[in-house]
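Subject: Structure handover

Hi,

Here is the structure I promised. Please open it alongside this email. My notes follow below.

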Amino acid sequence: MCGIVAYTGKNAASRIILEGLKRLEYRGYDSAGLSIWNNNSLKTIKKTGRVDTLDREVKRTQVDGHLGIGHTRWATHGAVTENNAHPHVSSDGKFAIVHNGVIENYEQIKHFLEEKGYTFHSDTDTEALVNLIAYHYQKEPENNSSNGNRFFNSVRKSLNHVQGTYGIAVICSDHPEDLIGARHGSPLILGLGDNEHILASDVGALAMHAQNVVYLNDSEVVHITRNSFNIATITDESVEAIVQRVDWDIEESELGDYKHFMEKEIFEQPKALENAMRGRFSDDESTAKFGGLNITPQELRQVDRILFCGCGTAWHACLVAEYLIERFARIPVEVEYASEFRYRNAPLDKNTLVFVISQSGETIDTLAALRESKRKGFQTLAINNVVGSTIAREADGGIYQHAGPEIGVASTKAFTSQVMLCAMMALYLGRLRDMSFNDGVKFVKALKEAPKQVETVLKQSSHLQAIAKKYAKYEDFLFLGRQSMFPIALEGALKLKEISYIHAEGYPAAEMKHGPIALISPDCPSLFLAPQEEVFQKTLSNIQEVKARKGPIIAVTSEGSDFPRDLADDLIEIPSAHPAIQPILASIPVQLLSYYIAVERGCDVDKPRNLAKSVTVE
Ligand code: M6R
């Protein structure tokens with residue numbers, strides 16, 4: 001959460017920072033601010049609300065220069081006020097800092113500094129750090145000043161006293177040519193331009209200015225001028241930078257003719273699914289193949305159990321993986337919330353493979369679960385969308401989704417692409433064990449048909465829009481489904497609540513009668529996911545139970561199914577498909593329904609209240 005951008009170079013810093021902040025707004029949009037070295041002094045502008053408001057203020061005040069830092073905030077410590085907005089300035093006025101993360105020991109630092117006469121004006125943890133830097137700067141020998149070393153060392157030394165997470169960028173009025181960045185637990189990337197350098201929380205915010213980047217690692221500090229950069233650890237060991245080419249198509253992150261990124265991303269799913277599959281089948285062997293697993297088929301044969309970890313929507317993809325891998329590969333799978341697993345100290349069998357799923361590859365809880373598994377010596381794999389993300393770099397092996405940038409806070413195409421990769425993994429593991437060649441052939445054929453089938457569901461968007469209009473007034477919803485439809489029910493409920501603020505719950509359809517059935521009334525619609533599969537008749541019975549209690553019913557079923565037409569108030573049909581594809585096809589109507597309901601209610605679909613796309617704090 002929170003996005004940071006910093007720039008030094010030949011161009012106008014404020015334009016580049018504002019442009020970057022707009023691309024980082026999905027990380028938080030409570031307030032935004034920047035500090036620019038302008039006419040021989042540091043000028044700081046902060047505004048609550050969106051980056052556009054800051055942009056207008058920057059234009060009005062005409063602040064500009066060639067060095068600066070900027071921030072878009074998702075509030076952790078302190079309310080959403082201009083005072084708490086970043087950048088924060090040290091009490092001597094020399095330093096300005098932007099920070100993504102949480103300084104856990106900020107109260108001790110603050111107390112220490114207050115006793116030394118430093119003053120504080122915000123409720124944030126960040127202000128403690130900027131003043132700690134000012135404190136260390138005072139203690140550094142002045143003869144280090146000319147080349148910026150005094151500034152660099154004061155930041156570096158301060159970070160040795162910090163507990164918690166940070167991605168930071170700092171500027172100092174004594175050093176108008178220098179910019180210092182550092183990371184620990186929060187992402188930070190250095191873009192190498194022509195006579196300019198840019199730091200940002202993700203590649204999307206710098207890709208239009210830099211094709212070559214350096215991904216900073218934890219506990220690294222970088223000292224940047226417009227022509228040079230130098231990286232060291234916070235304990236002053238030198239670090240050799242690894243320069244990598246950026247893999248980012250800027251056009252893909254434009255809205256184009258769509259009203260919202262969520263809408264665009266829903267409709268991009270056929271392409272995202274194609275990209276997930278491209279080059280990953282061996283027709284001769286009727287199986288899937290993955291280039292980056294770094295684990296041999298022989299080693300995979302030894303795996304007795306797979307643990308999947310993720311958060312939010314990615315956790316739902318893990319649940320689908322459980323159904324598919326257990327069903328088709330007959331390997332026991334466990335699914336854990338990453339945030340629970342990291343502290344649970346769960347006993348794991350020695351032949352367990354740990355799989356994490358994360359769109360961003362930066363979710364702090366998922367990263368912590370990965371690190372904890374690695375520390376215990378387990379082989380780790382990741383399914384991840386953002387190339388070069390921390391999770392992608394730290395997992396022993398993995399599979400990139402290639403779904404393209406997902407900007408809408410509500411995850412859509414990343415989810416179905418994760419499910420597709422889990423289905424391919426089920427196929428691959430199944431074919432290493434008991435799945436026959438012929439079943440493999442059918443499986444591969446079914447997966448390849450998925451993008452076309454998704455297209456046919458997307459063609460029903462006006463039908464879903466009409467259903468959405470009818471149901472937008474309700475304040476409670478149930479999403480119900482059995483077996484692999486249960487995770488899709490959870491995902492449908494999450495989509496609806498996060499973007500339209502309607503209370504929604506997902507349950508296994510049969511669990512309803514153990515409690516949630518008390519909610520059923522004409523004011524609480526239920527959406528049933530009921531494709532024709534093994535438990536179809538059982539789901540129909542659950543639907544009857546709701547109908548008997550006068551609950552409005554929306555049902556998703558497969559074309560040509562035996563679904564009694566008068567059982568549901570509204571019916572949506574998806575193509576009849578292989579069971580591995582059903583979760584993908586069933587996801588599309590719940591995404592469209594949530595989207596259109598949120599639009600109908602006038603909600604800010606891409607930036608729902610209180611949320612941020614990439615959750616980099618605990
Ligand atoms: O980037 P990740 O996949 O690790 O993100 C995990 C969750 O924060 C994310 O899926 C979240 O639940 C979305 N807002 C759901 O739409």
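Which residues in α7 meet which residues in α13? From α7 they are Q269, A272, L273, A276 and M277. From α13 they are K413, T416, S417, M420, L421 and M424. By class, this contact has seven nonpolar, three polar and one charged residues.

Keep in mind that this is a predicted model.

Now the geometry of that pair. Helix α7 covers residues 269-277, and helix α13 covers residues 413-432. Their axes come within 9 Å and cross at roughly 35°. The crossing is right-handed.

Then the cores. The largest nonpolar core has 96 residues. Those with the most contacts inside it are I306, F308, I325, L447 and F477. Helix α13 gives the largest share of this core, 12 residues. Why does the core lie between domain 2 and domain 3? Because both domains give residues to it.

Take a look at L447. Leaving aside its neighbours within four places in sequence, L447 is in contact with M277, F281, M420, A423, M424, L427 and I581. Of these, M277 belongs to the α7 side of the helix pair, and M420 and M424 to the α13 side.

Another core lies apart from the 96-residue one. This other core has 30 residues, among them F95, I133, L159 and I168.

Best wishes

Methods. Residues numbered from 1 in each chain as written. Predicted model: local features only at pLDDT ≥ 70, side-chain atom pairs only at ≥ 80, totals over all residues. Heavy atoms only, no water. Axes fitted to C-alpha atoms, helices over the stretch in contact; angles between N-to-C directions. Helix = DSSP H or I, 4+ residues; strand = E, 2+ residues; numbered from the N terminus. Left-handed = near helix turned anticlockwise from the far one by under 90°. Contact = heavy atoms within 4.5 Å. Nonpolar A, V, L, I, M, F, W, Y, C, P; charged D, E, K, R; others polar. Core = buried A, V, L, I, M, F, W, Y, C linked by side-chain atoms within 4.5 Å. Buried < 20%, exposed > 50% of the residue type's maximum accessible area, 1.4 Å probe, protein only. Domains from an automatic or database assignment.
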